[in-house]
Amino acid sequence: MAETPHDRRDRTHITPTAAPQARTTAPAGPERSADSGGNSFHPTPATAESPFADAFREALRQRGLGLERVRDRLEAQGISISLASLSYWQRGRSQPERAQSLRAVDALETMLELPEGALRSLLGPHRPRGRVMAEPQDLTASQRVFGANSLEERSLGEAFAQFNEDVSPVVIKETLRLDERRCIREYSVNQVVRATRDGASRMTAVHGIDDAAAESIDVRVRCGRLGTVRFHPELRTVVVEILFGRELAKNETALIDYGILFGRSQQMSTHHERRMRVNLREYLLHVYFHPAALPLTCHRYYREHIGAERRHTSRIALDALHTAHMLPVRCPAGVHGMSWEWPDWTHADS
């Protein structure tokens, strides 16, 4: 098929080299009220004084420590604080308040070679909770669905704190096409998102891939504009940024449509799942199987979060065109997926 100038502008091509991993997809939704460390998210205006944030940020700079190293060192001491929480602390958007967070502050003073109480003494009074101030993003839902130190958080780094903070998915349609080798060759997403605040201009998606050693990974945008694309072979993820082309007003919707094409792969696919931080109005997953490689069975399932047991499992029949689809009546936050079983390789090839 001939390329149009629009095709050339809104696509990118990657030639990866890495080992395989299961495929997942993580969209994002708006978050509310508290981060994973239990700290209320009431942002400090840029002009407001935040002595704790200033001191914390300066100490990090002088010691040459990044937030990921700080998080790992805290975790080694049995103190679990998310990367998002640390990012918000250093920017003054939230402050340590609960017992676990205050333990982290004490450990940070030692880690950063500060006098005892140098950071804790700078903490102001607890900030009021509720809807008095505009609600920024809260990562509690992300941690609940994705899990702590998730692929999404590791793929985005410090940007995880702003992961789609100003848009919420409304309707998502995903399409997978498998080849005769039982590998995913094409993955498409058609999605409607709603702006949760004025000025929303983009959406980010983190996609896990079955085989990071596939010959190529080609991202193409059909509706919207392609922003940055980052491939993390060590995590087997691709981070795709889609631009709306203009800023949206609060509650305005935008339609995005894009696809990921994979070169020849050696990793057989067995399932696909979508991780949702918020309830959706509608979710459709449609899987095309190659006529020469049909599964024995297909099942849909739901999990409340990564690591939870599969629930509401039901069998899905293939139609005359060798496709299977799922369209849940309700789409609560959590993990929605479809799995399929292949005939034994020896039996299939005999």
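Predicted model: local features only at pLDDT ≥ 70, side-chain atom pairs only at ≥ 80, totals over all residues.
Biologist: How is helix α3 oriented relative to helix α5?

Modeller: Helix α3, residues 67-76, and helix α5, residues 99-111, have axes 11 Å apart and pack at an angle of about 110°. Angles of 65 to 115 degrees count as roughly perpendicular, so α3 is, relative to α5, roughly perpendicular.

Biologist: Which residue class supplies six members of the contact of α3 with α5?

Modeller: In this right-handed crossing, α3 contributes Val70, Arg73 and Leu74, while α5 contributes Ala104, Ala107, Leu108 and Met111. Sorted by class, the contact of α3 with α5 has one charged residue and no polar ones, and the six others are nonpolar.

Biologist: How many charged residues does the contact of α3 with α4 have?

Modeller: The crossing of α3 and α4 is right-handed, and in it Leu67, Glu68, Val70, Arg71 and Leu74 of α3 meet Leu83, Leu86, Ser87 and Gln90 of α4. By class, the contact of α3 with α4 has five nonpolar and two polar residues, and its charged residues number two.

Biologist: Which helices do the buried residues of α4 pack against?

Modeller: Helix α4 spans residues 83-91 and is mostly covered, with eight of its nine residues buried. The buried residues are Leu83, Ala84, Ser85, Leu86, Ser87, Tyr88, Trp89 and Gln90. Those buried residues of α4 pack against α2 (51-63), α3, α5 and α7 (151-156).

Biologist: Which residue just after α4 takes a positive phi?

Modeller: The backbone position in question comes directly after the end of α4, and its phi is about 75°. The residue with this positive phi is Gly92.

Biologist: Which residues touch the most other members of the largest nonpolar core?

Modeller: In soluble globular proteins, nonpolar side chains tend to be buried together. Here the largest nonpolar core has 44 residues, and those touching the most other members are Phe244 and Trp340.

Methods: Residues numbered from 1 in each chain as written. Heavy atoms only, no water. Axes fitted to C-alpha atoms, helices over the stretch in contact; angles between N-to-C directions. Helix = DSSP H or I, 4+ residues; strand = E, 2+ residues; numbered from the N terminus. Parallel < 35°, antiparallel > 145°, perpendicular 65-115°, else oblique. Left-handed = near helix turned anticlockwise from the far one by under 90°. Contact = heavy atoms within 4.5 Å. Nonpolar A, V, L, I, M, F, W, Y, C, P; charged D, E, K, R; others polar. Buried < 20%, exposed > 50% of the residue type's maximum accessible area, 1.4 Å probe, protein only. Core = buried A, V, L, I, M, F, W, Y, C linked by side-chain atoms within 4.5 Å.
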